[in-house]
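Colleague: I'd like to learn how to read this one with you. Could you walk me through it?

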There are 2 protein chains.
Amino acid sequence: MIRMSKETDYAIVLLAYFAKDQDGLKHSAREAAMESQLPLPMVRKILKVLAREGLLVSHRGAKGGYGLVRRGERISIGEIIKAMEGPLAVTECIEAPGECRHEPVCGLRTNWQRINEIVFEALDSMTLSDLTGSFPDPIASGPGELVSLQ
Amino acid sequence: MIRMSKETDYAIVLLAYFAKDQDGLKHSAREAAMESQLPLPMVRKILKVLAREGLLVSHRGAKGGYGLVRRGERISIGEIIKAMEGPLAVTECIEAPGECRHEPVCGLRTNWQRINEIVFEALDSMTLSDLTGSFPDPIASGPGELVSLQ
DNA sequence: TGTAATAGTACCAATCTGGTACTATTTATC
DNA sequence: GATAAATAGTACCAGATTGGTACTATTACA
């Protein structure tokens, strides 16, 4: 379905939760799980990844927890997906050029690359804050702007 | 990975093959499989789906085969993905509103919907012919045009 | 009537995914 | 220090999905 994995989906929900309070306080995995109503072990797993990938800062020990590394409006959805799922690629030939045995015959690769770029430019143009607030209507603001935003 | 399934990937490769000859001749599954170097049973399976979904016309019996239902520049990549994978939805709440048990707490749904639209508007703006030829550079032609194309 | 094609299912093995469990390490607090 | 509360790092498992095959039925040309 060209579907994100649930893990990534949850990651975005969790980060949106972190972004909601502007003061960037730390929250423990337990707290985040309760607030977002997601299973705690899953939340732990995801927050670990997000910390490793540098989207969250972590603090170990008692009274430890996680906090956003920067404000929500400076974290893009594309960035989060990248953190959870590795390099963004809609087809194998984008992720690992030369490894697809059809590549010599196929001839679509460079154009796939463009499609890939367009899709992920769209995802990079959305920020966490866009998700939590109501962000500008794409019709009203014009599609060009949304895609060209960085 | 926000990755298309191989089936969809193959479907696009196959349709691109059909689009290459402008006169819209019919080709059998066997022929398409040989030309595109994809496994025949897989090709058969995919062509059946594409015919059922109305992107190919089929002709049974000896000398039968498949042909594009309309010219390549009028078939969008989004349409193909839809045909192969059903309604396009990056998250569960887009595909089946109300069924996700987190929906009441989550509050991201309407914004996911926007993201979904943006991604698939991008996919709808690409046509089969864009894939086979070299299509206009998105920078040069301006992103707005690509996204607003239908 | 024979042959070459699509239509429709049903099936299977292998991989991926969602989710859990366990141990090690770190750190605030008493 | 001892303790408790937190993250870090793995390893694991069952079920769903995916890539791929096989088989039978139907259609239509020659």
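Colleague: Which helices and strands each supply at least two residues of the surface near DNA strand D?

Modeller: Some ground rules before that. This is a predicted model, where local features need pLDDT of at least 70 and side-chain atom pairs count only at pLDDT 80 or more, while totals for chains, interfaces and linings use all residues. Residues are numbered from 1 along each chain as its sequence is written, and chains are lettered from A and ligands numbered from 1 in the order in which they are written.

Modeller: "Near" means that a residue's C-beta atom, placed from the backbone, lies within 6 Å of the molecule or strand. Helices (H or I, at least four residues) and strands (E, at least two) are DSSP runs, numbered from the N terminus. Here, chain A gives helix 2 (29-36), helix 3 (40-52) and strand 2 (65-68), and chain B gives helix 1 (6-20) and helix 3 (40-52).

Colleague: Which element has the largest share of the surface near DNA strand D?

Modeller: Helix 3 of chain A, with four residues. For DNA strand C, the largest share, also four residues, comes from helix 3 of chain B.

Colleague: And which residues come nearest to DNA strand D?

Modeller: Out of 25 around it, Ser58(A), Ser5(B), Lys6(B), Pro39(B) and Gly61(B). Around DNA strand C, the closest are Ser5(A), Lys6(A), Pro39(A), Gly61(A) and Ser58(B).

Colleague: How many helices and strands are there in chain A?

Modeller: 10 helices and two strands, and along the sequence they run α-α-α-β-β-α-α-α-α-α-α-α.
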